[in-house]
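Please consult the sequence and the coordinates alongside the text.

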Amino acid sequence: MNLLREIWMRVAQLFYWKRRNARFFVILGAPGSGKGTISKLLAKSIEALEGMPLPRLVTGDLVRREIEEGTAFGLKWGPMSKAGGIIPDREIMKLVKRELKKPEYFNGAILDGIPRTVGQARMIRRMLMWWGNRINRVVLLDATEEDLLVRLGGRRICSGKNIPVSADPAKPASKCGRDFHVLFSPPKVEGVCDGCGSPLVIRDDDAPKVVKERLRIYNEISGKLLRFYELSGLLTRVITNNTKSVEEVTRDVLFTIEQFD
Ligand SMILES: [Zn+2]
């Protein structure tokens, strides 16, 4: 089976020769693990080191773009996605496939937000195999629940209450939108936005009860996915805790990726 796969990969690489050197990395992590920040830093470091960009593919951003642009996908799944529903694997994969076909991904991508399920992981494997590519490494940003609760519970966002509402609807006032963390990036004055002086608030998503529920759902879904990648020999755990800086974590992730390259 593995031999057949290798032969197929070589044949596919002849057909899709522009993608023959592509590398794909998956970054996994619980809400609050710093997945977004770290995958951004990782993309920057790789570009600086290799002189070639390895773009991030963030499924959350993809879906948001579809909704904003009012595409068929956005119209169909937007309302459900906004209500917190889960878009079927097959639909998400269609979107991801369309995106990855673009030339900017011929070098590969850092996948953030996908796969979420074993079903999606299998579909990605099949899709990449078709192009003669594979997932090179899966990195789990491993944090204890205690640390995650501290991080998620300490987030504050600007309420924007001090920003005057524009009288002209054609020129709405710019939103402030700054965010803070009581421990990691506190505002100069407690509870007040540095940018516009508005009071800071806790996002609905970050209320303690909601946070616990989000972590519970994450653990339930990700357990099988982690086992799947562990059995495939692709998974590496990188410890991230509240005393380690994001730069340190990114360096560890980069080291892991290069080790298995
Ligand atoms: Zn503000």
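What is the handedness of the crossing of α7 and α8? The crossing of α7 and α8 is right-handed, a term used where the near helix is turned clockwise from the far one by less than a right angle, the anticlockwise case being left-handed.

The model is predicted: local features need pLDDT of at least 70, side-chain atom pairs count only at pLDDT 80 or more, and totals for chains, interfaces and linings use all residues. Residue numbers start from 1 along each chain as its sequence is written. Helices (H or I, at least four residues) and strands (E, at least two) are DSSP runs, numbered from the N terminus.

**Helix packing**

Two helix pairs are tabulated below; axes are lines fitted to C-alpha atoms, for helices over the stretch in contact, and angles run from 0 to 180 degrees between N-to-C directions.

| Helices | Angle | Axis distance |
|---|---|---|
| α7 (residues 145–153) and α8 (residues 208–231) | about 135° | 10 Å apart |
| α5 (residues 89–100) and α6 (residues 118–130) | roughly 35° | within 10 Å |

Helices α7 and α8 pack at about 135°, which makes α7 oblique to α8; angles under 35 degrees count as roughly parallel, over 145 as roughly antiparallel, 65 to 115 as roughly perpendicular and the rest as oblique. From α7, E145, L148, L149, L152 and G153 meet P208, V211 and L215 of α8, contact being defined by C-beta atoms, placed from the backbone, that lie within 7 Å. This contact comprises 6 nonpolar, 1 polar and 1 charged residues. Here Ala, Val, Leu, Ile, Met, Phe, Trp, Tyr, Cys and Pro count as nonpolar, Asp, Glu, Lys and Arg as charged, and the others, Gly among them, as polar.

The crossing of α5 and α6 is likewise right-handed. D89, I92, M93 and K97 of α5 contact G119, Q120, M123 and M127 of α6, giving 4 nonpolar, 2 polar and 2 charged residues.

**Strand pairing**

Strand β1 (residues 23–29) has 6 of its 7 residues buried, so it is largely enclosed by the rest of the structure. A residue is buried if 20 or more other C-beta atoms, placed from the backbone, lie within 10 Å of its own. Strand β1 runs parallel to β3 (residues 108–112), joined by 5 bridges, with F25 partnered by I110. Strand β1 is also parallel to β4 (residues 135–142), through 6 bridges; there G29 is partnered by L141. Strands count as paired if DSSP finds at least two bridges between them.

A further open sheet has the order β6-β5-β7 with antiparallel pairing. Its edge strands, β6 (179–181) and β7 (200–201), each pair on one side only. Strand β5 (residues 155–158) is joined to β7 by 2 bridges, and C158 has L200 as its bridge partner in β7.

Methods
Contact = placed C-beta atoms within 7 Å. Buried ≥ 20, exposed ≤ 12 C-beta atoms within 10 Å, placed from the backbone.
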